[in-house]
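Have a browse through the picture first.

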Amino acid sequence: MHKADAANPADELAEVRAAIARLRLREARLCATILAGPDSGLEGRHFRAEVAERRFRLFDAARLPETVLADPRYWSESVTQEVRCLPAAVAATPSRPRRLWIVH
């Protein structure tokens with residue numbers, strides 16, 4: 001579906017999200033190829049890929065004592081909104097062809 005074909009924002013949003021998912025999958029496969037053989041595929045005609053290593057620290061809340069985890073003073077609540085794309089309801093189709101009766 002092209003942008004001009006989208007009947008409304010819900011249809012276009014679903015199409016955009018599907019395209020993003022396809023691109024993320026392609027990106028993951030390309031990165032895996034580069035990481036599997038870093039000596040090949042790094043130099044392109046227009047771009048150069050570089051493999052870098054990053055290190056960072058993570059806070060592991062599971063290691064906290066239960067008394068801290070259960071204490072409401074250490075918790076806060078936030079509310080966010082999200083837009084979900086769900087299939088539209090489809091009109092029920094008859095289980096068998098309908099007969100037309102012509103009366104004269």
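Here is a short tour of the cysteines and the salt bridges.

## Cysteines

Keep in mind that this is a predicted model. A disulfide is a covalent bond between the sulfur atoms of two cysteines. How many disulfides does the count come to here? The count comes to 0.

What about how exposed the cysteines C31 and C85 are? C31 has a relative accessibility of 40%, so it counts as partly exposed. C85 lands in the partly exposed group too, because its relative accessibility is 34%.

## Salt bridges

Now for the charged side chains: the structure holds 6 salt bridges. One of them joins R22 and E15, whose closest N and O atoms are 3.8 Å apart. E15 counts as partly exposed, because its relative accessibility is 27%.

Another one links D60 with R63, at 3.2 Å from N to O. These two partners get separate labels: D60 is partly exposed at 38% relative accessibility, while R63 is exposed at 73%.

## A buried partner and an exposed one

Next up is the salt bridge between D71 and R73, with 2.6 Å between the closest N and O atoms. Is D71 buried or exposed? D71 has a relative accessible area of 15%, and buried means under 20%, so D71 is buried. R73, on the other hand, has a relative accessible area of 65%. Exposed means over 50%, so R73 counts as exposed.

Notes: Residues are numbered from 1 along each chain as its sequence is written. This is a predicted model: local features need pLDDT of at least 70, side-chain atom pairs count only at pLDDT 80 or more; totals for chains, interfaces and linings use all residues. Side-chain values use heavy atoms; hydrogens and water are left out. A disulfide is a pair of cysteine sulfur atoms within 2.5 Å. Buried means under 20% relative accessible area, exposed over 50%, partly exposed in between (1.4 Å probe, protein chains only). A salt bridge is a side-chain nitrogen of Lys or Arg within 4 Å of a carboxyl oxygen of Asp or Glu.
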